[in-house]
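Q: Please take a close look at the nonpolar and aromatic side chains in the structure below. I would like one connected account of where they lie and how they are arranged.

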Amino acid sequence: MSGATVFWYASRATGIVALLLLTAVLVLGILVNRQGRLPGLPRFAVTNIHRNLSLLAVTFIALHVLTAVLDTYVHIPLLSAVIPFASGYERFWLGLGAVSLDIMLAMIVTSLLRGRMNRVVWRAIHLLAYASWPIAFAHSIGSSRDLQQGWMLDMAIGCALIVAAAVVWRLAHAARQVPRAGRVAAVFAQHTASAARSSGQNRRTVAR
């Protein structure tokens with residue numbers, strides 16, 4: 001096996017693993033509630049899992065980009081990894097990959113600068129994380145013939161179905177929650193009802 005062939009296989013393998021890791025990161029982010037918790041797991045455990053998966057995904061993305069550039073079968077400039085649509089080979093699909101990578105880099109940089117940034121601006125940038133996955137998914141399907149057939153296509157479809165299921169669950173969960181404006185009223189009403197029940201029980205006890 002020649003060096004070029006090794007880079008060819010390595011580029012595709014790391015790309016597939018990166019897609020799986022990004023799917024896991026996105027699904028975990030969707031399922032986490034407002035307090036940063038998942039059922040059965042404390043907050044610190046969820047934070048550690050999410051951070052470690054994100055770092056692992058970034059590592060495999062970096063390896064994917066590096067091996068794609070080193071692959072001599074086609075010429076892919078290194079700058080095309082961060083400058084969208086700058087590659088002469090598969091311009092559109094590789095451009096989508098660059099857009100997705102740029103979004104991830106923006107999230108990493110703003111995370112490091114979170115203490116110095118306006119919270120609204122920081123949150124707006126991090127909401128782009130949800131756009132990163134479908135863009136990366138389209139890049140994977142469009143640029144890789146391997147993901148367009150066979151068991152790899154089934155795997156890609158499985159990733160999409162898992163993300164869709166997580167989104168549906170989150171929307172259904174949000175619909176069941178009391179809106180913020182009504183939480184105080186709901187708590188007050190619950191407290192009033194509890195006090196009324198307690199008062200009624202006391203009156204019945206005195207009457208006996």
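A: A residue is called buried when its relative accessible area is under 20% and exposed when that value is over 50%; partly exposed is the term for what lies in between. The model considered here is a predicted one. Val167 has a relative accessible area of 34% and is therefore partly exposed. This valine belongs to helix H6, which covers residues 150–176. Along the chain, Val167 and Val27 are 140 residues apart, yet the distance between their C-alpha atoms is 8.2 Å.

The setting for these side chains is a helical protein. Its secondary structure consists of 7 helices and 0 strands, and from the N terminus on the order of elements reads α-α-α-α-α-α-α. Of the 208 residues, 28% are buried. When contacts between residues at least 6 apart in sequence are considered, 56% of them join residues at least 24 apart.

The largest nonpolar core comprises 24 residues, and Leu22, Ile61, Trp133 and Leu147 are the members with the most contacts inside it. Two or more residues of this core come from each of helix H1 (3–31), H2, H3, helix H5 (129–143) and H6. The greatest contribution is that of H1, which supplies 8 residues. For Leu22, once residues up to four places away in sequence are set aside, the residues touched are Ala57, Ile61, Met104, Trp133 and Ala136.

Helix H3 (residues 91–112) provides the largest share of the patch, with 4 residues. H3 is also one of the elements that give two or more residues to the core.

The aromatic side chains complete the account. A pair of aromatic rings is described by the distance of the centres and the angle of the planes. Searching the whole structure gives 4 aromatic pairs. One of them joins Trp8 and Tyr9 in an edge-to-face arrangement, with 4.9 Å from centre to centre and 90° between the planes. Both partners are partly exposed: the relative accessible area of Trp8 is 27%, and the relative accessibility of Tyr9 is 46%. In the pair of Phe85 and Phe92, the ring centres are 6.2 Å apart and the planes stand at 25°, so this pair is stacked. Phe85 is partly exposed as well, at a relative accessible area of 37%, and Phe92 falls into that class at 48% relative accessibility. Together with Trp93, Phe85 and Phe92 make up one aromatic cluster.

Definitions and conventions. Residues are numbered from 1 along each chain as its sequence is written. This is a predicted model: local features need pLDDT of at least 70, side-chain atom pairs count only at pLDDT 80 or more; totals for chains, interfaces and linings use all residues. Side-chain values use heavy atoms; hydrogens and water are left out. Buried means under 20% relative accessible area, exposed over 50%, partly exposed in between (1.4 Å probe, protein chains only). A nonpolar core is a set of buried Ala, Val, Leu, Ile, Met, Phe, Trp, Tyr and Cys residues joined through side-chain atoms within 4.5 Å. Contact means heavy atoms within 4.5 Å. Rings of Phe, Tyr and Trp (its six-membered ring) pair if their centres lie within 6.5 Å; planes under 30 degrees apart count as stacked, over 60 as edge-to-face and the rest as tilted.
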